[in-house]
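Here's a quick tour of the charged pairs in one protein structure. Have a look at it first, then read on.

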Amino acid sequence: FSLAAESLIGQQIIVSASRRREKVLDAPASVAVVDADEIRDRHALSIGEYVKSMPGVDHSQTGLAQNNTVIRGFNNIFSGAVLMLVDNRIARVPSLRLNANNFIPVTGEDIERIEIVLGPGSALYGPNSANGVMHIITRSPFGSEGNTISLSGGERSVRKVSLRHASSFNNKVGIKVSGEYYAGDDWEYVDPAEVQARGSNPRDYGMERRSGEVRLDYRPTDEMTLIGSGGYTSTRSIELTGQGAGQAENWTYNFLQGRLLYRGWFAQVFYNKSDAGDTRLL
């Protein structure tokens, strides 16, 4: 007898609909999934561009990387109606309740899948999830060892470089490091009221972003996993607000997260921080 390996595409396994592993067809809510192959085939500047063609998603682009994404509702400038999660961590900008997709320190090469729950999620997730949940799940260093470097560019002087490294030791300790940098010239608009008030055009159309993330996984036993991670983002761009355009300068966003997985139990603690730096309304 000769045995050969063959890949069969079955039902996708999700975790966001019931906060447990289940098949898409068994989930009690409508769930859309963007898998890793689709993400790696599309060189996007923000996470919102990966999901903008999904059913039930309304996506508005306000800059090269700036955008607003909502589910089952009306879009607006400062969007916080959707509960945005990254590896079970609430990822919106603290104090503002703003889902700034370009602030999340994650690279496309590091995303395993994006799950979108098209329906109210308050029973499982609490407030700010009445319109739905968008959950970004990143790759574990276990099973994804190796190095990845990506270079891309395009119109508006866009240039982007991202890298990822993952390694493991004795199937007990895994480490992952990822980082990304991109820059470009945003679309230009001169507001006569701003020029009249300041005597010149105060807008800086150069857009720039730096981000990085580190993650450490430890498996003392086959049934227990401890995960620690941290990330950092620094951005410069023009952000639209309910009070007009704002010039984001040295705006930093960072987080720390610890997770414990033991059999069917899950616990986590996380800390999000945002510093607007020299940001000002125009």
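What follows is a short briefing on the salt bridges in this model.

This is a predicted model, where local features need pLDDT of at least 70, side-chain atom pairs count only at pLDDT 80 or more, and totals for chains, interfaces and linings use all residues. Residues are numbered from 1 along each chain as its sequence is written, and side-chain values use heavy atoms, with hydrogens and water left out. Side chains of opposite charge can pair when their charged atoms come close. Here you'll find 13 salt bridges (a side-chain nitrogen of Lys or Arg within 4 Å of a carboxyl oxygen of Asp or Glu).

**Buried pairs**
- Arg259 pairs up with Asp87 in a salt bridge, with 3.9 Å between the closest N and O atoms.
- Arg259 sits in strand β15 (residues 244–262) and Asp87 in the loop between β6 (83–86) and β7 (89–90), so this pair ties together parts 172 residues apart in sequence (strands are DSSP runs of E, at least two residues, numbered from the N terminus).
- Both Arg259 and Asp87 are buried (under 20% relative accessible area, with a 1.4 Å probe and protein chains only; exposed is over 50%, partly exposed in between).
- Arg113 and Glu115 form another salt bridge, their closest N and O atoms 2.6 Å apart.
- Arg113 counts as buried at 12% relative accessibility, and Glu115 does too at 0%.

**A pair between loops**
- Arg263 meets Glu223 in a salt bridge (2.9 Å, N to O).
- Since Arg263 is in the loop between β15 and β16 (265–275) and Glu223 in the loop between β13 (206–221) and β14 (224–241), the pair ties together parts 40 residues apart in sequence.
- Arg263 is exposed at 59% relative accessibility, while Glu223 is partly exposed at 43%.

**A network**
- Salt bridges also link Asp204, Glu208, Arg210 and Arg236 in a network.

Definitions and conventions. Helices (H or I, at least four residues) and strands (E, at least two) are DSSP runs, numbered from the N terminus.
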